[in-house]
Amino acid sequence: MVNASSEGRFSAVWIGIGGQFDRTLIQTGTQQDSIGGEVTYSAWYELLPFDAVTIPSMTISPGDKINASINLVNSTTNEWSVEITDVTKGQGVKENFFYNSIRLSAEWIVERPTVNNSLSALANFGTVTFTD
């Protein structure tokens with residue numbers, strides 16, 4: 001649960017393939033933000049260099065269990081499956097993309113994201129647990 005703050009505070013929890021040694025990164029996760037005293041939660045995916053795509057069909061709440069996966073479907077065609085599910089609410093999205101990644105790293109990250117081309121202030125989000 002994010003503590004509300006009058007100042008903009010942001011946090012993202014995500015998994016990804018790539019990005020450590022190059023500029024290719026395919027990722028999916030959740031965003032927990034506090035802007036002007038209002039707290040918002042969302043799910044998203046992103047394939048750099050394109051912007052993140054918010055998933056409007058998912059409503060994320062504090063304490064929800066989220067499952068996320070990124071799988072290479074076909075290495076010849078660079079087809080990937082990206083799936084994120086709110087297990088608590090039974091909501092989810094699974095989409096396939098064609099994306100060229102050098103596949104040198106896999107990541108699980110909690111970060112203060114870049115907002116308006118600047119590194120944001122980190123939201124007080126409590127705890128996050130990654131499993132499997």
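**What the predicted model shows**

Arg103 is partly exposed, with a relative accessible area of 38% (buried means under 20% relative accessible area, exposed over 50%, and partly exposed in between, with a 1.4 Å probe and protein chains only). Its place is in the loop between β7 and β8 (strands are DSSP runs of E with at least two residues, numbered from the N terminus). The phi of Arg103 is near 60°, a positive value in a residue other than glycine. Pro49 sits in the loop between β3 and β4. For background, most residues other than glycine have a negative phi, and most peptide bonds are trans.

A word on the ground rules. This is a predicted model, so local features need pLDDT of at least 70 and side-chain atom pairs count only at pLDDT 80 or more, while totals for chains, interfaces and linings use all residues. Residues are numbered from 1 along each chain as its sequence is written, and side-chain values use heavy atoms, with hydrogens and water left out.

Next come the charged pairs. A search of the whole structure turns up three salt bridges (a side-chain nitrogen of Lys or Arg within 4 Å of a carboxyl oxygen of Asp or Glu). Side chains of opposite charge can pair when their charged atoms come close. One of the bridges is between Glu7 and Arg9, at 2.8 Å from N to O. Glu7 is partly exposed at 47% relative accessible area, and Arg9 is partly exposed at 27%.

Another bridge brings together the side chains of Asp64 and Lys89, at 2.6 Å from N to O. Asp64 lies in the loop between β4 (53-54) and β5 (66-74) and Lys89 in the loop between β6 (79-86) and β7 (91-98), so the pair ties together parts that are 25 residues apart in sequence. Lys89 also meets Asp86 in a salt bridge, at 3.9 Å from N to O. Put together, Asp64, Asp86 and Lys89 are linked in a network of salt bridges.

Now for the nonpolar inside. The largest nonpolar core has 20 residues, and those with the most contacts inside it are Ile26, Ile55 and Met58 (a nonpolar core is a set of buried Ala, Val, Leu, Ile, Met, Phe, Trp, Tyr and Cys residues joined through side-chain atoms within 4.5 Å). Strands β1 (9-18), β2 (25-35), β3 (38-47), β6 and β7 each supply at least two residues of this core. The largest share, four residues, comes from β3. Which residues does Met58 meet, leaving aside its neighbours within four places in sequence? They are Ala43, Ile84, Thr85, Asp86, Gln91, Gly92 and Val93 (contact means heavy atoms within 4.5 Å).

The count of aromatic pairs comes to one (rings of Phe, Tyr and Trp, the last with its six-membered ring, pair if their centres lie within 6.5 Å; planes under 30 degrees apart count as stacked, over 60 as edge-to-face and the rest as tilted). Tyr45 and Phe97 make up this tilted pair, with 5.1 Å centre to centre and 45° between the planes. Tyr45 lies in strand β3 and Phe97 in strand β7, so the pair ties together parts that are 52 residues apart in sequence. Tyr45 is buried at 13% relative accessible area, and Phe97 counts as buried at 16%.

Back in the loop between β7 and β8 there is Asn100, which is exposed, with a relative accessible area of 55%. Not counting residues up to four places away in sequence, Asn100 touches Thr24 and Asn78. The C-alpha atoms of Asn100 and Leu47 are separated by 9.8 Å, with the two residues 53 apart along the chain.
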